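User: I am new to this structure. Please show me how to read its main features.

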Amino acid sequence: MIVNRISDVALTLGIITIFCAFRSVEFGVIFSLAPFFIEQQVNIFSFNVNLLNLVSILLLLGAMGKSAQIFLHTWLPDAMEGPTPVSALIHAATMVTAGVFLIIKCSPIFEYADTTLMLVALVGGLTAFFSSTVGLVQYDMKKVIAYSTCSQLGYMVFACGLSAYNISLFHLMNHAVFKALLFLSAGSVIHSLSNEQDMRKMGGLSKLLPFAYASIGIGSLALIGFPFLTGYYSKDIILELAYSQYNLHGSFVHWLGTITAFFTTFYSFRLIYLSFIKETQVQKPVANNIHESPAFITVPLSILALGSIILGYLTKDLFSGIGTPFLDHVLLTLPGHNSFFVAEFLPFYIKNLPFFLSLLSVALVAFLYKVLSHYSIMYHLLLKEGHRFLSYK
């Protein structure tokens with residue numbers, strides 16, 4: 001609550017500043033007048049500050065709290081104490097998407113504030129990278145998926161910083177489907193194991209819970225952007241748009257996002273390996289009660305799994321590409337900020353680098369947890385010390 005109060009204060013100050021400048025808090029009025037305030041300065045503590053930069057920075061601080069961006073993200077893992085369906089709703093459809101949606105909705109303000117756009121891209125890129133590193137070493141199944149949400153929100157925010165608001169909204173929609181699938185599938189596993197969330201006490205569940213295994217597998221493949229699944233159509237184009245900016249902050253967030261894609265695959269397949277594939281660590285009293293979830297859980301999971309496979313393909317032409325008019329009446333992207341055309345003609349290795357890094361990450365998971373674990377000294381040095389450095393307390 002305290003972390004969110006910080007962002008609430010910033011958001012309130014932003015609304016007050018908007019009202020003082022525009023004499024209105026209606027979107028239509030503000031967006032219509034924004035171009036006339038490009039050169040407007042306000043005096044704060046004897047410093048002249050651009051009005052639209054000030055407003056957009058305050059809105060960004062509000063969004064950082066709601067969407068768990070770096071420095072204001074600490075509430076997110078603590079929210080995992082709630083029931084899994086609540087976690088699925090929070091992460092897929094309601095609270096954590098509110099900050100991203102605020103930036104997308106206020107695109108006519110952010111477009112005229114170049115300094116803030118660069119800051120938005122940097123905040124999103126750093127959040128994606130940082131959250132993915134913490135997710136690498138979590139053993140609580142729900143916390144791995146929670147930090148995954150934080151990381152994917154970073155992608156959405158830095159897409160906004162690149163003026164790709166339509167792609168950010170596209171990724172938000174796609175992410176809602178496969179993240180709800182991951183959380184509800186994890187809840188199904190946890191319920192079957194008598195509320196056990198520690199992946200070190202799982203293992204060998206692929207034969208006992210095949211439906212949950214398939215659900216988490218589909219959700220994870222969509223999350224990492226496996227070709228032709230839902231996440232592939234939104235995540236990869238964000239990285240391509242970042243590279244096609246051809247400036248310092250664009251290149252910086254592109255490589256942060258690419259490394260994040262590598263880490264995303266690592267923690268996703270680490271979760272699958274520890275929970276479903278490696279030799280079982282389930283205690284016998286718990287193992288005797290393992291069962292698949294009933295139909296009122298498996299039917300929604302089946303619908304979400306289907307969406308995780310085909311939704312991106314069915315809707316990609318609405319959101320991405322050159323000339324799609326679907327969101328033109330809602331979002332504003334200035335002509336000089338649009339790099340979709342350049343992104344179409346990037347080199348092959350740039351377009352496919354995330355996929356090849358994902359393959360490398362799967363091999364690394366197999367090597368570390370299947371092969372290296374038999375060599376205790378190396379295992380201790382590489383994994384245990386890495387855990388100590390990255391673990392979030």
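Analyst: Start with burial. A residue is buried when its relative accessible area is under 20%, and exposed when that area is over 50%. This is a predicted model. Of its 393 residues, 54% count as buried.

User: How many helices and strands does the chain have?

Analyst: The chain has 18 helices and 2 strands.

User: What does the radius of gyration say about the chain?

Analyst: Compare it with the value for a compact globule. For 393 residues that value would be near 21 Å; the chain has 22 Å, so the two agree. Along the principal axes, the C-alpha atoms fill a box of roughly 70 × 45 × 45 Å.

User: Which share of the contacts links residues 24 or more positions apart?

Analyst: Take the contacts with a separation of 6 or more. Such residue pairs account for 80% of them.

User: How far apart are the mean positions of the positive and negative charges?

Analyst: There are 20 positive and 18 negative charges, and their mean positions lie 11 Å apart.

User: Where is Ser46, and is it buried or exposed?

Analyst: Look at the loop between β1 (41–44) and β2 (47–50). Ser46 is not a glycine, yet its phi is positive, about 70°. With a relative accessible area of 67%, Ser46 is exposed.

User: Where is Phe71?

Analyst: Phe71 sits in the loop between α3 (51–66) and α4 (75–78). Phi of Phe71 is also positive, near 85°. Its relative accessible area is 68%, so Phe71 counts as exposed.

Conventions. Residues are numbered from 1 along each chain as its sequence is written. This is a predicted model: local features need pLDDT of at least 70, side-chain atom pairs count only at pLDDT 80 or more; totals for chains, interfaces and linings use all residues. Side-chain values use heavy atoms; hydrogens and water are left out. Helices (H or I, at least four residues) and strands (E, at least two) are DSSP runs, numbered from the N terminus. The radius of gyration is taken over C-alpha atoms; the globule rule is 2.2 Å times the number of residues to the power 0.38. Buried means under 20% relative accessible area, exposed over 50%, partly exposed in between (1.4 Å probe, protein chains only). Contact means heavy atoms within 4.5 Å. Lys and Arg count as positive and Asp and Glu as negative; His and the chain ends are not counted. The place of a charge is taken as NZ of Lys, CZ of Arg, CG of Asp or CD of Glu.
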